[in-house]
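Subject: The structure, and some notes on it

Hi there,

Here is the structure I promised to send over. Have a look at it first, and then read on for my notes.

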Amino acid sequence: MSELVTKKVLGELVKKSGCTYSVDNIITIFNNRDGKHSNKRLVSLLAQLFKPIPNGSKYVELYAPSNAKESFPALVMVLNRFASDLKHAHAEKTNSIRQQQEEHPVTQPVVKIDTIAASTESVHKRGSLFESPPLCSTRISPDQVTPENVQQIKEKIVQATSGGVGVTRLSTSAALPPDGIIAPHLQNRPYFEFSHRKAPIVAWNFNYDELVPRQSKSNVAAIPVASQEPIVLKEVLNCLIGVKGSLIVPKKCATRSEEGLLLAEMEFQISNQLTESCSDMVKELLPLATNVACVQQFIEESSILEGGVVLQALRSVLKSIMTDYFLSIAQLDDLRCRKGLCMQRLLQFLKPVFPTMEELAATVADIRRTNSRGGQVLTLLHDRITATSGTSHAQRVLVHLIESAAVPFMEMLQLWIYRGVINDPQQEFLIEHSAVELTENDLVDYWEKQYSIRCDKVPCFLAKYADIILRTGKYLNVVRVCGSADFQPVANGIDNGCVPEDSAKQLLRYKHFDQSYIDAIEEAYNVASSSLLNLIMNKYDLMGRLLSVKRYFLLQQGDFITEFMDAVEEDLKKNVDSLHPIRLANLLDVTLGLSSAKYDEYHDDLKTMLLPYGIVTQISKIVNKEDAFVDTLSDTSQLKGIECFTFTYKAQWPVSIVLNLWTISKYQMLFRQLFYLKYVERILCRVWIANNETRRFAPNPAKLYRSAFTLRQKMLIAIQGFESYMMIEVIEPNWHIFYQNMKQVKNIDDVLNYHQDFLDQCLKNCMLTVPDLLKPIINLCNICIKFCDFLANATFMEPTETFSERVEQFRQDFTNQLMTLLRKITDVATLSTSERFINLIYRINFNSYYSEANEN
């Protein structure tokens, strides 16, 4: 069913049902390209349309089992069945009326036999004079016209003109199977295929399989040789334009390509009545007829919209070439009529046409064989131009083809790089648009997945610039979404804010020997990237927001972190399941208001968060590229609040392009490690204050605490060493490099790359990308916390021998864990060029203190 018929049937249903949707809206809904309409909603809409139709429920039931992604083909199938049922009902009604008229006949005027005979004779004469092939299946051979079947001829003519059932009508669209039901091999085709197209019979291309063949009435063998040539010459000229003859009979044979597609090839059978010399000259001309038939077949098969605008443009230029060819054949035929043409001269005149038509036939055959569309067609043409570099004439023809076929493709490209808009109804452009909803802070998917490159649709002459083309349109999309005043669309789909004045006057065109379009693409990219960069750096103050993130996640705002830990320390000691996120959020708001962070204009974007897993699990998710910021069902009964607490940041669009969830998860990793170390440091310092109670003990009992105080100091030095290493030797130098790079960025992708490099370097040098290094650090912190808990309770106990043994056990555990960590850091440092790991070893194991003690 064609689109026009579909709209007509839907229009009748909408009018009868009183549906509020228009026909175009219903087609858009059932196309369901973004998948947001459920099958249940589509079924209910269809039920509303068929509500006033008798037995309309059966059509709804016919549609109901369909998949929501295949909604539009299923709708067409239902409308096909509905239209077919209406046609059958109308036919039955017409037959019943005819039967009633036969039962009650009306007096008809008597037609004289002489009149019938006269009309029969005129038909006979017209049939004998008409020498061109028949145009419809209603043609009757002159020998069959008798007074008895005149009425039969009249009925066939009436059926042919009124669209009666069973008559093949002339149409430029593909023929549908009987009953209007689409054949299984035609349903749900993901792309246009030439093998599923049936060429219409409106073109002279030997397309008369369903028609009555002409019968040869002349015996050429009985004619003198000198008189045979004009007859054969006429047959050859007819064959060269696709007109079927009697001496040269075309035969189509199907061959299977390497991809399994059936391709029709034209062969010719020459009558044995011709002389050997004449037959040889005809055989020399027949390859041209075969190539012409191949080109004509391609022109007809690519006539529908599903082929895409590139194929339509190629078809148009091929039609103009074939028009010139037919004009040449017409001139040769005129020369034949004036007795100025013979077979030798015909062969001489057509020799220059042979290589051109052969190249055209080979080109369209490759396109049909590969089912190429869009950029694939341009790549194929470009490759053939390269392959025919030695033959200048064939190369000029192919250059003309590719430059003409590339016009609509370059128009789509121009619209994309100058406005960031895709006008690609047949999915043949090199950029693909995926419908991703813009949820708050989930715009990492928008930036990465909203637009992507169709690698198979990229023309080879744009392959090096595909990434630039993609980013140019993406930049303009952000500028348009943000409503920048610099983005002002003008006529012809070009923007004043994104296109220079001299470029706006000319359209983007592909020239094979002139690559000025590359300069236009690069210029559009530079303008778009600078526009977005100025927008996000100046209007939305990207660096100010990055500094705000650094203050909180990397513990640069010292007074805020101290006051916040004072407020939430008791809560974070509890089990994570017993914590109330609202209380933590309120404590954060209070702390922000009391500290100097209240002067930060972006502090409202900082929020608290409790993750359902520890820091080691989160780093494993990041390393494995899993969703480290999505809640998962896990056992949190053994996790404390300090192990699961972190900050998050609600950046608004377009800053969220840089501060997306994936980036925030990396900041969270650094924050959780620093926050945990700061928490352990506070506990160790608090124990030092509490241990002043031991001064009241007698000298001998106080000696028992010396080993505990020594171990506590070793722990404090180690924790502070880790903390200062991360903040002073890793984060600050890398931030300084990042800050200097941000002063010379040219586009937003440079910003993203520099920012990701900064975070990756920090995570790597802070040992957060290797779980084998992170686990010993976490174990050290846990040993310190358990030791502090032991000392806090032991302060109020009488010193005994058991106390000394417990302290010694903690010392051994701490030393062993620390040595294990140092050995692993040494192994990693030997494989890495970074010197910061060595600095950490020198900082903790200063003067080989632990190494020598372990050897002793």
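Below is what I found, going from the whole chain down to single residues.

Please keep in mind that this is a predicted model.

**The chain as a whole**

The protein chain has 856 residues, and 46% of them count as buried. Its secondary structure comprises 31 helices and six strands. If you take the contacts in the chain with a separation of 6 or more, 73% of them come from residues 24 or more positions apart.

**The cores**

The largest nonpolar core holds 196 residues. Which of its members touch the most others? They are Leu314, Leu462, Phe560 and Phe647.

**Aromatic rings**

In total, the count comes to 29 aromatic pairs. One of these pairs is formed by Phe50 and Tyr59, whose rings are stacked, at 5.2 Å centre to centre and with 25° between the planes. The pair counts as stacked because planes under 30 degrees apart fall in that class. Both partners are on the buried side of the scale: Phe50 has a relative accessibility of 1%, and Tyr59 has 5%. Since buried means under 20% relative accessible area, Phe50 qualifies, and Tyr59 does too.

Elsewhere, Tyr552, Phe553, Phe560, Phe564, Phe645, Phe647, Tyr667, Phe671 and Phe675 form one aromatic cluster.

**A kinked helix**

Helix α14 runs over residues 392-419, which makes 28 residues. From its first C-alpha to its last, α14 reaches 39 Å, close to the 40 Å expected at 1.5 Å a residue. Even so, α14 has a kink of about 40° at Val407, shortly before the proline Pro408. Just after this helix comes Gly420, with a positive phi of about 75°.

**Positive phi without glycine**

Lys339 has a positive phi of about 60°, although Lys339 is not a glycine. Its place is in the loop between α10 (309-337) and α11 (343-350). Is Lys339 buried or exposed? At 74% relative accessibility, Lys339 counts as exposed, because the cut-off for that class is over 50%.

Asp541 is not a glycine either, and has a positive phi of about 50°. You will find Asp541 in the loop between α18 (516-539) and α19 (542-553). With a relative accessible area of 25%, Asp541 is partly exposed.

**A buried lysine**

Finally, take a look at Lys666, in helix α24 (residues 661-690). Lys666 has a relative accessible area of 8%, so this lysine is buried. What does its side chain meet there? A polar contact of 3.0 Å joins the side chains of Lys666 and Gln756. Not counting residues up to four places away in sequence, Lys666 touches Gln756, Leu759, Asp760 and Leu763.

Key: Residues numbered from 1 in each chain as written. Predicted model: local features only at pLDDT ≥ 70, side-chain atom pairs only at ≥ 80, totals over all residues. Heavy atoms only, no water. Helix = DSSP H or I, 4+ residues; strand = E, 2+ residues; numbered from the N terminus. Buried < 20%, exposed > 50% of the residue type's maximum accessible area, 1.4 Å probe, protein only. Polar contact = N/O pair within 3.5 Å; in protein donor to acceptor, adjacent residues only side chain to side chain. Contact = heavy atoms within 4.5 Å. Expected span 1.5 Å × (residues − 1). Bend = angle between axes of the 7 residues up to and from the residue. Core = buried A, V, L, I, M, F, W, Y, C linked by side-chain atoms within 4.5 Å. Phe/Tyr/Trp six-rings, centres within 6.5 Å; stacked < 30°, edge-to-face > 60°.
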